[in-house]
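Hi there,

Have a look at the model first, then read on for what turned up in it.

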Amino acid sequence: MPYEPPPEIAGLSLAELAEAVAARKLPPVEQWAPQTTGDSHMAIRADGSWTHDGSPITRPAMVRAFASLLMRDETEQHWLVTPVQKLSIAVEDAAFIATDMAVKDGALAFRLNTDEIVIAGPDHSLIARGDADTPALYLAVRRGCEARLNRSTYAQLAEHALSQGDDWRVTSEGATFSLVPA
């Protein structure tokens, strides 16, 4: 079956966005307990590109497949998990990049570089890091992994925050997030 990317998030209602999120079938990584561990020889660069032994992985379908197996443990180590093995993967900054944002019915929806849609809220928080001069915003995605907002998505979110007031806070799905690093 050929891959059909989701439509642009700006054209979808909140219900349609939620439906797209629910339709995404991910492997049950949390249920697997592989006995073998090792190194994948893979890395996710700060720009969101993936490499294996230093060579770029250029097939988007491969990146999407590997991304569906990602998790980050309590030591902040990222892993690719299958039923039979758990392989470490180097991540320079965040496992994903948020590349677009839309405001729909009181919710903030983000598109990732893997074409996934994540709606910010209690289970998918926005986190401000860095300092006042060089802030960086992250979105909790799943299994401990995060997406860093790219420059244009950060600008979209900042514009939305300013339209809501001057306290640099946004609300989505009932949760409020500060865009100012602590």
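Beyond its neighbours within four places in sequence, Ile 97 is in contact with Ala 46, Asp 47, Gly 48, Arg 111, Leu 112, Asn 113, Ala 147, Arg 148 and Asn 150. Please keep in mind that this is a predicted model. Ile 97 belongs to strand E7, and it counts as buried because its relative accessibility is 11%, under the 20% cut-off. Asp 47 lies 50 residues away from Ile 97 in sequence, yet the two C-alpha atoms are 7.6 Å apart.

On to the sheet around that strand. Six strands make up an open sheet with mixed pairing, in the order E9-E8-E7-E12-E11-E10. At its edges are strand E9 (117–119) and E10, each of which pairs on one side only. On average, neighbouring strands here are turned by 40° against each other, direction ignored. Helix H1 (residues 14–23) packs on the sheet and touches E7, E8 and E9; the direction of H1 makes about 120° with that of E9.

E8 deserves a look of its own. E7 and E8 run antiparallel and are joined by six bridges, with Ala 102 standing opposite Ala 109 in E8. Their hairpin has two residues between the strands, and Asp 105 there takes a positive phi near 50°. On the E9 side, three bridges join E8 to E9, again an antiparallel pair. Ala 109 has Ile 119 as its bridge partner in E9, while Arg 111 stands opposite Ile 117. The hairpin of E8 and E9 has four residues between the strands, and Asp 115 in the turn has a positive phi of about 70°.

How many of the six residues of E8 are buried? Six of the six are. Ala 107, Ala 109 and Arg 111 are buried on one side of the strand, and Leu 108, Phe 110 and Leu 112 on the other, so both faces are covered.

Now for the nonpolar cores. The largest has 37 residues, and those with the most contacts inside it are Trp 50, Leu 70, Phe 96, Phe 110, Leu 126 and Leu 157. Apart from it lies another core, of nine residues, among them Leu 14, Ala 107, Ala 109 and Ile 117.

Finally, helix H3 (residues 151–164). Its 14 residues reach 20 Å from first C-alpha to last, close to the 20 Å expected at 1.5 Å a residue. Which residues of H3 are buried? They are Thr 153, Leu 157, Ala 158, His 160 and Ala 161. These cover an arc of only 160° around the axis, which means that they sit on the same side of H3. Arg 151, Glu 159 and Ser 163, on the other side of H3, are exposed. The buried residues of H3 pack against several strands, including strand E7 (96–104), strand E8 (107–112) and strand E12 (145–149). Just after H3, Gly 165 takes a positive phi of about 145°.

Note on methods:
Residues are numbered from 1 along each chain as its sequence is written. This is a predicted model: local features need pLDDT of at least 70, side-chain atom pairs count only at pLDDT 80 or more; totals for chains, interfaces and linings use all residues. Side-chain values use heavy atoms; hydrogens and water are left out. The expected span of a helix is 1.5 Å times one less than its number of residues. Buried means under 20% relative accessible area, exposed over 50%, partly exposed in between (1.4 Å probe, protein chains only). The arc is that of the directions from the helix axis to the C-beta atoms. Contact means heavy atoms within 4.5 Å. Two strands pair if DSSP finds at least two bridges between them. Axes are lines fitted to C-alpha atoms, for helices over the stretch in contact, and angles run from 0 to 180 degrees between N-to-C directions. A nonpolar core is a set of buried Ala, Val, Leu, Ile, Met, Phe, Trp, Tyr and Cys residues joined through side-chain atoms within 4.5 Å.
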